[in-house]
Every structure is written in structure tokens, then in C-alpha cells.
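Subject: Structure handover, backbone notes

Hello,

Please look through them before you set anything up.

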There are 2 protein chains.
Amino acid sequence: MEFGTLVHMHGISLVGYQRGGARGPSFQAINPATGAALEPAFRTAAPEDVERAAQLAAAAALDYGRRSGAEKGAFLRAIAANLEAAAPALVERAASETALPPARLQGEAARTCNQLRLFAELVEKGSWVDARLDRAQERASGPRKPDLRSLLRPVGPVAVFGSSNFPLAFSVAGGDTASALAAGNPVVVKAHPAHPGTSELAGQAIVSAARDCGLPEGVFSLLFDAGIDVGVALVQHPLIRAVGFTGSLAAGRRLMDLAAARPEPIPVFAEMSSVNPVFILPRALQSRSGAIASGLHASVTLGAGQFCTKPGLVMLDHGAEAFVAELAALMQQPAAFTLLTPGIARGYQTGARERAAHPAVRALTPPAAAGVTAPALFQTDAAGFLAHPALAEEIFGPATLLVRHGGLSELLAVARSLRGHLTATVHGTEEDLREYADLLPILETRVGRLVLNGFPTGVEVTHAMVHGGPYPATSDGRSTSVGTQAILRFVRPVCYQDWPAFALPPELQDGNPLGIERHLDGVLE
Amino acid sequence: MEFGTLVHMHGISLVGYQRGGARGPSFQAINPATGAALEPAFRTAAPEDVERAAQLAAAAALDYGRRSGAEKGAFLRAIAANLEAAAPALVERAASETALPPARLQGEAARTCNQLRLFAELVEKGSWVDARLDRAQERASGPRKPDLRSLLRPVGPVAVFGSSNFPLAFSVAGGDTASALAAGNPVVVKAHPAHPGTSELAGQAIVSAARDCGLPEGVFSLLFDAGIDVGVALVQHPLIRAVGFTGSLAAGRRLMDLAAARPEPIPVFAEMSSVNPVFILPRALQSRSGAIASGLHASVTLGAGQFCTKPGLVMLDHGAEAFVAELAALMQQPAAFTLLTPGIARGYQTGARERAAHPAVRALTPPAAAGVTAPALFQTDAAGFLAHPALAEEIFGPATLLVRHGGLSELLAVARSLRGHLTATVHGTEEDLREYADLLPILETRVGRLVLNGFPTGVEVTHAMVHGGPYPATSDGRSTSVGTQAILRFVRPVCYQDWPAFALPPELQDGNPLGIERHLDGVLE
């Protein structure tokens with residue numbers, strides 16, 4: 001594949017360094033703003049494409065998994081450079097396929113490249129492998145204590161499912177792929193059918209980088225399917241060792257169940273459903289009512305409310321009438337949104353209609369015209385919320401639910417009722433935090449990230465970021481899909497007992513030739 | 001409970017600081033050496049005992065999970081001190097219940113206490129929480145980058161299933177309990193029905209330590225059941241957040257399936273089935289034939305072959321006749337073993353008989369008399385091994401299978417056919433290792449620990465130890481159940497965005513009041 005071909009789409013799966021077969025049914029992306037079908041048609045990957053991608057990935061794993069941090073870093077940087085070169089085409093195509101604004105997509109492209117370079121830096125530095133050396137030791141009685149050295153090694157081929165709402169940063173070349181490749185794993189991506197063109201362009205950038213870096217064929221493949229067969233086959237394939245997924249709870253749970261039912265179960269890291277509760281405490285509300293209302297409105301409607309960290313649940317006491325009126329006014333500002341797909345738009349409109357009709361709910365925004373996506377603000381009280389678990393469920397789109405409560409004990413009861421979320425947010429002064437001190441320990445057990453006096457949308461890609469949370473926010477609350485800790489999903493510790501230097505990975509050799517952080521008998525070297 | 005009562009058994013579950021109900025059916029331990037039933041009778045925990053243990057654990061989690069490393073360390077050290085005080089009674093009872101020799105059990109008691117103290121030291125030092133601080137930063141455009149700080153927090157109540165073969169070190173106060181408590185999680189143990197008395201004595205040591213340390217009731221409970229109902233109820237209980245298990249593949253897989261089918265799936269860390277392949281390369285065999293034969297014989301028969309790291313598969317080339325004869329002679333030395341339970345003995349005797357009768361296998365030891373447990377040595381060739389996957393399955397007891405091969409390519413084919421194991425062992429000279437260099441990369445993907453010129457039995461409790469491996473060795477090859485890394489099974493990362501010092505855990509406060517290792521913007525402070 002020539003670099004110059006990066007901006008042309010062929011509509012055919014990328015299986016290692018070759019194109020897949022072209023005998024399956026085809027499908028086209030739909031421009032959600034116009035309803036028009038976009039060229040070209042994309043061919044569903046054939047079963048032999050899936051098989052070949054998995055076989056190539058398994059064969060590549062033995063080679064790629066032992067490449068140095070420098071080599072993996074160069075690969076990730078080459079992908080970023082290729083994406084940057086293709087960015088105008090990527091953004092144009094993604095805008096057509098998702099109706100996301102070009103400016104937002106430009107930012108997302110930059111984020112995607114930064115993310116790849118952050119993982120490059122991580123593996124180039126190399127300390128992430130958690131190298132541990134426990135020295136041999138003679139003992140008064142019994143055999144000598146052996147020399148033991150451990151580090152984190154790649155798990156093997158990873159299947160990645162792109163998400164619809166971040167067609168770049170959480171899709172083909174997004175966080176799951178970047179972290180799996182950084183860890184030393186080949187990746188097989190199942191392209192999201194809502195943005196196949198964007199997927200192909202990003203996939204070409206990765207394949208081109210892999211070739212340029214002299215990596216084994218199979219370190220990356222990209223498979224198309226408008227349905228579920230290819231994804232199911234991937235998750236069930238014996239050579240696939242882990243799964244990364246971002247999408248709906250229903251689809252994520254389905255993949256979890258498939259993976260758990262395999263003869264050899266494998267881990268699934270699915271980021272699924274989060275309502276991101278916000279707790280606005282009284283003194284903060286008094287002092288910053290306007291700023292909180294405008295910030296909340298911006299956060300709920302950002303990206304047409306299609307962020308996994310959208311605040312969908314807001315706890316307020318009964319005295320907050322002025323704030324509620326202000327927020328309701330903001331939510332009624334004229335604005336029509338185009339959601340990512342016709343299906344998501346229908347889902348949102350139905351969800352909002354049903355919530356407005358819920359007996360425990362009052363709608364604070366007028367009903368939208370049929371087929372129109374408009375922001376929606378709902379209200380219930382703590383008793384209603386606690387009595388109706390369905391009110392805690394996510395509506396994907398620009399809607400949020402206020403839960404009015406009668407003070408600390410009701411607020412804590414609401415907090416205790418929460419399932420797992422990606423984030424929880426508190427708006428509070430220092431005095432608020434001391435008065436509501438019992439809230440934080442509860443929230444800590446429910447979410448991956450606790451935000452103070454801010455808004456949960458906007459997920460930084462850093463070392464301390466946790467974009468995870470207990471089920472159903474994710475399939476495994478012990479993980480994050482954003483930030484450098486995401487690499488820890490796709491590795492396993494391996495211990496070497498009494499091996500000589502020449503047979504050990506350099507990370508574990510005497511003299512620390514890579515100069516990484518290591519623990520010697522439990523003490524940092 | 002008085003400390004003086006530690007050495008008396010009551011046969012009743014310990015539910016928090018109280019005794020459970022006593023209305024269920026009862027069972028007794030059997031002395032496997034004599035077949036005699038041992039006093040007292042043990043009552044099966046009632047459903048309300050399970051419910052109360054889970055509720056107490058969940059209530060305790062909020063308090064115990066926020067205790068300092070110093071407090072958790074003091075608790076673990078108090079448990080160790082109580083176990084040491086009770087050691088004579090523990091060893092005597094365990095010897096009656098398991099037929100393991102007192103000297104071995106004394107060693108196991110010491111290991112159990114050392115393990116508790118190693119985790120105490122880990123949490124007292126505190127650096128294990130992987131504290132990460134990413135500083136706030138103004139940006140040229142857009143909002144400021146927030147202050148993000150993360151650390152590892154406990155997952156919540158953990159259910160632990162003790163194993164039969166290590167009635168102390170992998171049972172009530174064993175590695176799973178020690179690592180879960182160290183992480184800050186309450187523990188509910190389902191006692192192994194083969195050593196209920198040992199379990200009760202160890203459980204009393206923990207309860208007494210918890211009271212003395214002023215910890216909340218529910219930080220520990222111990223439930224008895226000769227059947228599976230209590231274990232199933234625990235794994236399905238919504239307040240249980242993770243499971244630790246050591247035992248058979250069938251039982252472990254059952255628990256995995258139950259946990260995966262929950263409305264909210266939880267992780268199961270099951271250490272199950274491993275055959276621990278040994279590769280004896282030609283030059284090592286030439287130079288150390290006698291030492292390898294006697295070492296292998298000792299390792300296969302250690303603890304009557306009831307170690308999860310017992311070498312059950314030995315790859316040798318066709319030229320190794322003298323070694324095979326020597327090993328066969330050692331395996332025929334007069335020795336009768338008493339296995340842990342009558343059921344395990346029957347399973348071993350049946351397994352050995354069936355393997356001897358397998359068409360691809362030749363028995364190199366004579367058949368044992370009916371009802372007698374004797375060491376058994378079997379032999380097949382690479383073709384036979386590859387054609388019959390059943391030959392790769394574990395026989396729990398003092399048996400091993402030699403696989404004779406025709407050189408490098410057959411050896412690599414055998415290695416590639418392996419499923420997951422806890423360990424793989426290589427005996428080789430430097431020249432061997434260079435000639436067989438392709439072996440190590442394959443084995444790295446199959447096991448948690450690679451042993452050179454030693455034997456896999458004997459699992460050190462250190463920082464670099466990995467006692468784990470891909471399925472079916474464990475349920476999750478990304479974990480270890482021995483060594484300080486075992487604590488990582490029972491924690492999850494939590495991120496704090498823009499919180500002031502007073503509301504942050506001390507591990508994340510400015511100035512590093514605990515003086516732990518931390519990463520500031522990715523760089524070790």
C-alpha cells in the first residue's frame with residue numbers, strides 16, 4: 001500500500017498487509033444530517049478473513065510481543081504521523097459519517113495522535129513493565145531462595161470494537177488500539193458500521209506505519225461488518241486473548257457473556273453505560289448558581305449529549321428553585337441536534353418521550369416535535385428516584401434528570417442506591433464537603449473518577465486518569481480505557497526463576513541496561 | 001471470644017464477631033490415614049448466616065477500606081501472632097485432617113505467618129497503591145487541564161475458598177485472605193470441608209485479631225458447608241465484589257460461570273489446574289542426569305504429589321534411556337502415600353489406572369495394588385501426546401508423564417500445543433538454551449513462571465513471584481495468587497479531579513505526607 005493511497009477508500013477489510021475477500025454482502029455509511037448513503041460500499045468480512053486476521057495476529061504476537069519499547073514507540077509515532085497527514089480527509093469523512101462538527105473532529109484527531117505519542121513515550125521510557133528483582137539467598141535450612149525476576153508481558157492478540165461517538169479517539173486508532181499495541185499485542189479491529197470510511201482511512205494509516213516499521217504482517221487488521229457475525233467470531237476465536245469495546249450496555253454484556261462462555265474464557269474490557277451523577281451542595285449553589293447552571297448545560301449538551309461522561313443525573317435540594325429555573329431556560333434555548341446515527345436519534349427521542357411520561361417525573365422542557373432531537377430536562381424527587389430504578393438508566397443524548405432531595409440523609413440514600421458509573425461530580429465549598437463528608441466514601445465505591453467543582457465531560461489523557469468504574473459503567477471496574485494505565489488491561493506478569501542474563505528480557509538484566517525504574521527485593525533501585 | 005478459646009473448636013460458623021446459627025445439617029472431618037470421623041461435628045451455615053456475613057462485610061468495607069496502611073499492617077501482624085500462638089493446635093489438627101506430616105505443616109504455618117507479615121510490610125510502606133499525580137496546567141486554548149490524582153482502592157467484600165492441599169497457607173488465613181485484607185477488603189471465607197477444624201482455629205485467630213485491633217465486625221467471617229450451597233450463595237451475593245479460589249478446574253469453572261452470569265458480574269481469581277511441563281535439554285541431561293532424576297523424583301512426590309506446581313509432564317529426547325531407567329527406579333522405591341481425602345485418593349488411583357491403560361502410553365512403574373497410592377511414571381512420544389489432548393490433563397497425586405521427542409521441531413510442536421500452566425521448567429546448559437532459543441518465547445505465552453535448572457515445586461512468597469498462568473491454570477492469567485502482586489487482584493484505580501488536600505487520601509496529598517513512591521506527571525517523585 002502506497003502512502004499516497006491513504007486517503008482513498010476501497011470498502012474492503014484490511015487483513016494484515018492484504019485486502020480481504022470481497023464476496024460478502026455490502027453496506028454503506030449514512031450521513032445522519034442528510035440521510036444520504038455515502039460512497040463507497042463496504043464489504044462484510046468473510047469468515048476466512050476473520051480466520052486469517054486471527055492467525056496472522058497470533059503469528060505476529062511472538063515477534064511483535066518481543067519488540068523493544070523503542071521499536072513499539074516508533075510504530076505508534078508513525079501511526080500518529082500518518083493520521084496527521086491524513087487528518088483533512090479523516091475529518092471530512094468523519095463529519096459526513098457522524099454529523100459531528102469539523103472543529104470537534106479536528107480536536108479529536110489531535111487527541112488521537114497525542115494519545116498514540118503518550119503511549120509511545122511510556123513504552124520508550126519502559127518503566128511501566130513493573131520490573132521486580134528478588135535476589136537469590138542462601139538459607140539456614142532448606143534449599144537456597146532462588147533468583148526471581150518478573151515483568152509485565154503482552155497477553156496476545158486483542159480484538160477492538162470501535163465506538164460510534166468518538167470515531168477517531170475511541171475507534172480504529174483510538175485508546176484501546178494504542179494501549180494494546182503499546183503493550184506489545186497485535187490488534188484486530190472490528191470497524192464500527194456507522195463510520196466505515198473513517199475506519200478504513202485510520203486503518204490504512206496503521207497498516208502503512210506497520211510496513212514502514214518492518215513489523216510482521218498481522219500486527220493489525222481491520223474487519224468490516226454491518227451486523228454482528230464478525231464481532232461474535234472474533235470474540236469466540238481461540239487465538240484472540242482479550243477484547244476492548246466501547247458502546248452500549250446490551251452489546252457490551254453480550255460480548256462479556258460470549259467471552260465468559262468460551263472453552264478458555266478471556267477478559268473483556270467494555271466501557272458501556274454511565275449516567276455520571278452530579279451532587280450540587282447548598283453553599284456551592286448559593287455562591288456559584290449561574291456558573292454551575294451554564295456549565296452543567298454545556299456539559300449535558302456537549303457533542304449533542306453523546307459523551308459517555310455526560311452528566312445525566314443531578315442531585316439538588318428542594319431549595320434550589322432559582323437554579324432549576326435558570327437551567328430549564330438554558331435547556332430551552334433554540335438548538336436542534338443531529339445525533340450520530342438515525343438509530344441513536346430514534347432511541348433518544350423515544351427515551352425522552354417515555355421519561356417525560358413517567359409518573360414520578362416532571363418534564364421541565366416542552367416536548368420536542370416528532371423526529372426532532374432537542375435537549376430535555378426532567379425532574380423527580382429522592383423518593384421517586386429510589387422507587388423507580390429505571391430512572392437511573394442512561395438516556396444517550398442531551399437529556400438530564402434532576403433529583404430533588406430533602407437534605408443529607410436522603411442524599412446519602414440516593415448515593416447508596418447508585419450502580420457503577422464512570423464519574424461522580426460534587427459541587428461544594430469546603431464547608432459543604434465537611435458537612436457532607438459521608439458522601440465521598442460512598443461515591444468512591446461507585447465510580448472511577450471523582451470530580452470536584454467541575455464537569456465530567458472532558459477526559460484528559462494522562463497517567464492518573466481513570467476512565468472506568470464498576471459495572472455497568474464497564475465490564476471490569478479494575479481497569480481504565482483512557483490514560484496510560486489503560487495499558488495494564490492487556491498485559492500479564494511473567495516471572496523468571498534463575499535465568500542467566502543473556503536469556504532474560506533486558507528489563508530484568510543485571511545492571512539495568514535500559515535504566516528503568518525497578519524494585520530490588522521490594523525497594524526501588 | 002477470649003484468646004484462650006482459640007484452641008477449642010465449636011463447629012459453628014463465625015459470622016462477624018458472633019457464632020452463626022446451628023440449625024443446618026452437620027458433617028465431620030475424616031482422618032484420611034485412618035478413615036475415622038473427627039470431633040466435633042460442624043454445622044452447615046444457614047442462608048441467614050450467609051446473608052448476615054455479606055451484610056456485615058459490606059458495612060465493614062466503608063470503614064475498613066479507609067484504614068491506614070499502619071492499621072491494616074497491625075491487623076495482619078496480629079493475625080500472624082495469633083496463628084503462631086495457636087500453631088501447635090493448628091498443626092496437630094491439620095495433621096489429623098489432611099495426613100500431611102507435622103514437619104511440613106509446621107513449615108506451612110511459618111509460611112502463612114511470613115506471608116501475613118510480608119503483606120503487613122507492603123501496606124505499612126504504602127507505595128503499592130501506585131499513586132499518580134498529574135498537575136493542573138493552563139492551556140493556550142480551551143479550559144485548563146485539571147489536577148488529577150489516582151491510587152488503588154479496595155474492591156469491596158471478597159469471598160475466599162480455601163484449598164485442600166495447603167490447609168494453612170492457601171486456606172482461611174492464607175494468601176487470598178492476606179492479600180484481600182491487605183488491600184482493605186473484608187473477607188468471607190467458605191471453609192474447605194476436608195479441614196473444618198483447622199479452618200475454625202485459623203478463623204478464630206483472625207476474629208480475635210480483628211477485635212483486638214478495633215476493626216468493624218464483618219471484616220472477617222468464616223462459613224462451613226460440606227456441600228456447595230454456601231459457596232454458590234456467596235458467589236451470587238450482590239454485596240460480594242470478588243472471589244478468590246484454589247481448587248479443581250471443575251469447581252473453579254463453576255464459580256467462574258456463576259460470577260459471569262450475575263446481574264453484575266464480578267472477577268473470580270481461581271487457581272485451578274496445572275501440569276507444569278519440564279523440558280530437559282540434551283546437554284543438561286548429559287552433564288547432570290543423576291541430579292535431575294533425583295530432583296524430579298523429589299518434586300513429583302513432594303507432599304504426595306499434591307502440589308499445584310507438581311511437574312506432571314517431562315519432555316525428553318529419545319536418547320535419554322539411562323535417565324529414564326534411573327527415574328523409573330526412583331519412582332519404584334517402596335513408598336505408600338496417604339492423600340488428602342478419600343476422594344482425592346480414589347481420583348488418583350483411577351486416573352493412574354486409566355493412564356496406564358491408554359493406548360499411546362506405556363507405564364514404567366508396576367500397577368499399584370487396589371486402594372494403594374503409589375508413585376507412577378508413564379511414557380508416551382510426541383506424536384502420541386499431540387494426538388491425545390487428554391494426556392495433557394492433570395493427575396493430582398505422585399504421577400508424571402514422560403514425552404519422548406525426536407528433537408527441536410517436535411519439541412517446539414509439543415510446546416505450542418500446551419494450554420496454560422502455572423510454571424514451565426527448562427533444564428539446559430547455555431549451549432542448550434541458545435540451540436533451543438525458540439522454546440522460551442513460546443513458553444512465556446503459556447505460563448506465569450519460567451524455572452531454569454530447578455524444579456517448580458516450592459513457590460517463594462516474594463515481590464517478583466508469579467503464581468498464575470493462562471487458563472486453565474487460573475481463571476485470569478493476568479494475576480498471581482502468591483507474592484505481593486496478589487494484592488493487585490482486589491483493588492481498582494480511583495481518580496480524584498481537583499480535590500483539596502483535606503478531602504484527599506494522604507497518599508495523594510501535596511508534600512507526600514506518607515513518604516511513598518509516587519509519580520508526578522509520569523516521573524517518579
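**Backbone geometry**

A:Asp130 sits in the loop of chain A between α3 (102-125) and β5 (131-134). Helices (H or I, at least four residues) and strands (E, at least two) are DSSP runs, numbered from the N terminus. This is a predicted model, in which local features need pLDDT of at least 70 and side-chain atom pairs count only at pLDDT 80 or more, while totals for chains, interfaces and linings use all residues. Residues are numbered from 1 along each chain as its sequence is written, and chains are lettered from A and ligands numbered from 1 in the order in which they are written.

Most residues other than glycine have a negative phi, and most peptide bonds are trans.

- A:Asp130 is buried, with 21 other C-beta atoms within 10 Å. The classes are buried (20 or more other C-beta atoms within 10 Å of the residue's own), exposed (12 or fewer) and partly exposed (in between), with C-beta atoms placed from the backbone.
- B:Asp521 is in the chain B loop between β20 (518-520) and β21 (523-524). B:Asp521 counts as partly exposed because it has 13 C-beta neighbours inside 10 Å.

- A:Pro472 is in the chain A loop between β18 (449-452) and β19 (491-497).
- B:Pro472 lies in the loop between β18 (449-452) and β19 (491-497) of chain B.

Regards
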